[in-house]
Amino acid sequence: MPWASRASFRVTWCPPAICCSHSLKIRYAMCSVTLESIHRNWDEELLQEDRSLSGLLSNRREQLESVFGIDLIYTIDLLFNLKGGPCLRHEIAHGKLASGACYLHSSIYACWLMYYLTCLPLLRCWSTHVAPQLTCFILANVSVC
């Protein structure tokens, strides 16, 4: 990819699960228990935007802890947000995480954590809901090719 910058090329080699799924999972869980993850800026520009992960952790920490538990929110904060820690959200978002850093303990643990949050709950309904959809998707793509 000659048009891609060196930093963006490095990010493409990082484990895919740790990029943004933690924020999406947090926002989905907050909406499902009717807690807002939206920041409204009514005074200046009448804008409505999603809060960043750091904004959610600083402004809505008690609500997040009531949904996910203290330990999980503390882990997410340490792994993705804390400036003294690996700060994976910032490193990936700004293209600072080199491809070799994807194999560090913190990156591997982040991938496991995203699997724990997103995929593990699906195991209960895997054979009835997920596997049939995957089979249909695979068969549809094989017949097209």
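Is Tyr109 buried, partly exposed or exposed? Hi everyone, let's start there. At 37% relative accessibility, Tyr109 counts as partly exposed. Here buried means under 20% relative accessible area, exposed means over 50%, and partly exposed lies in between, using a 1.4 Å probe and protein chains only.

A quick word on what we are looking at. This is a predicted model, where local features need pLDDT of at least 70 and side-chain atom pairs count only at pLDDT 80 or more, while totals for chains, interfaces and linings use all residues. Residues are numbered from 1 along each chain as its sequence is written, and side-chain values use heavy atoms, with hydrogens and water left out.

Now, the rings. A pair of aromatic rings is described by the distance of the centres and the angle of the planes. Rings of Phe, Tyr and Trp (its six-membered ring) pair if their centres lie within 6.5 Å; planes under 30 degrees apart count as stacked, over 60 as edge-to-face and the rest as tilted. Searching the whole structure gives two aromatic pairs. Why is the pair of Tyr109 and Trp112 stacked? Their ring centres are 5.6 Å apart and their planes are at 25°, so the pair is stacked. These two residues are three apart in helix 7, which means that about one helical turn separates them. Helices are DSSP runs of H or I with at least four residues, numbered from the N terminus.

Trp112 is partly exposed too, with a relative accessible area of 43%. The rings of Trp112 and Tyr116 have centres 5.3 Å apart and planes at 15°, so this pair is stacked. Being four residues apart in helix 7, they are also separated by about one helical turn. Tyr116 has 38% relative accessibility and counts as partly exposed. Together, ring pairs link Tyr109, Trp112 and Tyr116 into a cluster.

Finally, the inside. The largest nonpolar core has 19 residues, and Ile76, Phe80 and Leu113 have the most contacts within it. Such a core joins buried Ala, Val, Leu, Ile, Met, Phe, Trp, Tyr and Cys residues through side-chain atoms within 4.5 Å. Its largest share, five residues, comes from helix 5.
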